[in-house]
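Colleague: Could you pick one part of this model and go through it closely with me? After that, carry on to whatever else is worth a look.

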Amino acid sequence: MNTLDRCCDATRAWVSRAIGIVEADANRSADTHLLRFPLCADWGIDLYMKDESVHPTGSLKHRLARSLFLYALCNGWITEGTPVIEASSGSTAVSEAYFASLLGLPFIAVMPATTSAEKIALIEFHGGVCHLVDDPAQVVPTARRLAAENGGHYMDQFTYAERATDWRGNNNIAESIFHQMSKERHPIPEWIVVGAGTGGTSATIGRYVRYQRHATRLCVVDPENSAFFTGWRDGDPDASVVTGSRIEGIGRPEVEPSFIPTVVDRMVQVPDAASIAVLRESAKLLGRRLGGSTGTNLYAAFALIAQLRDSGCTGSVVTLLCDSGERYGNSYYDDAWVARQGIDLSGYAETVARFLETGVWREPV
């Protein structure tokens, strides 16, 4: 055996051990809960939230990070000592920092300077380094540059999110939702509502629904100052915006490669004031704080439920509880922060409160 062969064998052995470590993390993790949102039972429509905040790193992105690491390891892109670099608004970076730490790899997260202090602290807790940029449009180019300069691997969640997850099953989030719904009074949801972040979650659910021949429709929500909605509405994959989203975890300045518009049945653009008002009003009912993207999800879910009621339909709607609101104490739950952003919550708070009491949905003027 020559020296080159021995080096290859050592690399393969390290990758094999690394894959085992990542899979062991999955084996230790139970499935996430499917929670019922407290709506009036007489409406005949049930709302469920899949609570992704209970993952070891506290968000939906734990699934994505695990899949991305396995994908990169199996493709030979990550080997022993490879620096891992990611462009992220926060939660993906927290989860990737966790897996990089498990494997003993350096990790750099490139993020907008507006990312919450709580998320930055979590990334650093897991041993990651945060590289903040003032212009959100420069996050991806900066991540690519740092990867090249450090001889590292740019994880590129925005390209690989839709292909790193097995959408046919293998205990992905879609398969888990339908399994957990199987004993409910309306087991096949009328709608599943998810956010447009990388596009990976909507691609997985949309494909799985078609593969299983379910009648469920997929609604994707997008915050203001994000390109996904315009790109989907106009059929324009090159759509872009200048100002970045204030709702962390979803919304992008351009349409990302992982977003598959053809699996989306409806898109809803949700104002930031609506997202924040919903999460605050819902927290009163649930006794717990929700993250901003969950507020965006719920805003569209409430509107869909009202439409179903107006049509005399019964059924179920499922959405995601993406992460805990404890990460946003200095932003979405801070009145001073909301005021500095020039956001008026009153109209949307009234809309949500009226809906939760009566089932009637009226958008603010």
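Modeller: The expected span is 1.5 Å times one less than the number of residues, and helices (H or I, at least four residues) and strands (E, at least two) are DSSP runs numbered from the N terminus. Keep in mind that this is a predicted model, where local features need pLDDT of at least 70, side-chain atom pairs count only at pLDDT 80 or more, and totals for chains, interfaces and linings use all residues. Residues are numbered from 1 along each chain as its sequence is written, and side-chain values use heavy atoms, leaving out hydrogens and water.

H2 is largely enclosed by the rest of the structure, because 11 of its 14 residues are buried. Buried means under 20% relative accessible area, exposed over 50%, and partly exposed in between (1.4 Å probe, protein chains only). Among the buried ones are Lys61, His62, Arg63 and Arg66, along with Leu64, Leu68 and Phe69. After H2 comes Gly76, with a positive phi near 80 degrees.

Now for helix H13 (residues 346-358), which has 13 residues and reaches 18 Å from first C-alpha to last, close to the expected 18 Å. Here Tyr348, Ala349, Thr351, Val352 and Phe355 are buried. They sit on the same side of H13, because they cover an arc of only 160 degrees around the axis; that arc is taken from the directions from the helix axis to the C-beta atoms. These buried residues pack against helix H10 (272-286) and helix H11 (292-310), contact meaning heavy atoms within 4.5 Å. Exposed Glu350 and Glu357 are on the face turned away from the buried side. Just after H13, Gly359 also has a positive phi, about 85 degrees.

On to the sheet: four strands form an open sheet in the order S5-S4-S3-S6, with parallel pairing. Its edge strands, S5 (129-133) and S6 (153-154), each pair on one side only; pairing takes at least two DSSP bridges between two strands. Five bridges join S4 (residues 107-112) to S5, and Met111 stands opposite Leu132 in S5.

Last, the cysteines: there are zero disulfides, counting pairs of cysteine sulfur atoms within 2.5 Å. The sulfur of Cys322 is 13 Å from the closest cysteine sulfur, in Cys219, too far for a bond.
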